[in-house]
Amino acid sequence: LDQARREDVMVALRMRDEPLSHTHGGPARLYVAPMYFYKSAKWLSGITVTPEVVPGYWEERGYDVDAWVGRSNGRDDAPTV
């Protein structure tokens, strides 16, 4: 929940004052600015809050669960703000 509540994480419904198009992930897209784009899910149909982290499609294939830009490539600086 701490990650979801960041100011740079949002569920986008509009782009340039227009409804989000299918091409851009509409009708709803999760946008997670400080993480690699496999965390910014297109065509969002729901959000489920769980007591533990549940690996998704990409994580089951070896991608980092915490996909902070830089940190998941071995850098030790703080996540992008």
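**Salt bridges and their exposure**

Asp-17 is exposed, its relative accessible area being 64%. The model is a predicted one. Three of them are set out below, among them one between Asp-17 and Arg-14.

**Asp-17 and Arg-14**

- A salt bridge joins the side chains of Asp-17 and Arg-14, at 3.8 Å from N to O.
- Asp-17 counts as exposed because its relative accessible area, 64%, is over 50%.
- Arg-14 has a relative accessible area of 47% and is partly exposed.

**Lys-39 and Glu-59**

- Lys-39 and Glu-59 form a salt bridge, and their closest N and O atoms lie 2.5 Å apart.
- Lys-39 and Glu-59 are both buried, so each has under 20% relative accessible area.

**Arg-61 and Glu-60**

- The side chains of Arg-61 and Glu-60 meet in a salt bridge, with an N to O distance of 4.0 Å.
- Arg-61 is partly exposed, at 46% relative accessible area.
- Glu-60 is exposed, with 59% relative accessibility.

**Background**

- Side chains of opposite charge can pair when their charged atoms come close.

Key:
Residues numbered from 1 in each chain as written. Predicted model: local features only at pLDDT ≥ 70, side-chain atom pairs only at ≥ 80, totals over all residues. Heavy atoms only, no water. Buried < 20%, exposed > 50% of the residue type's maximum accessible area, 1.4 Å probe, protein only.
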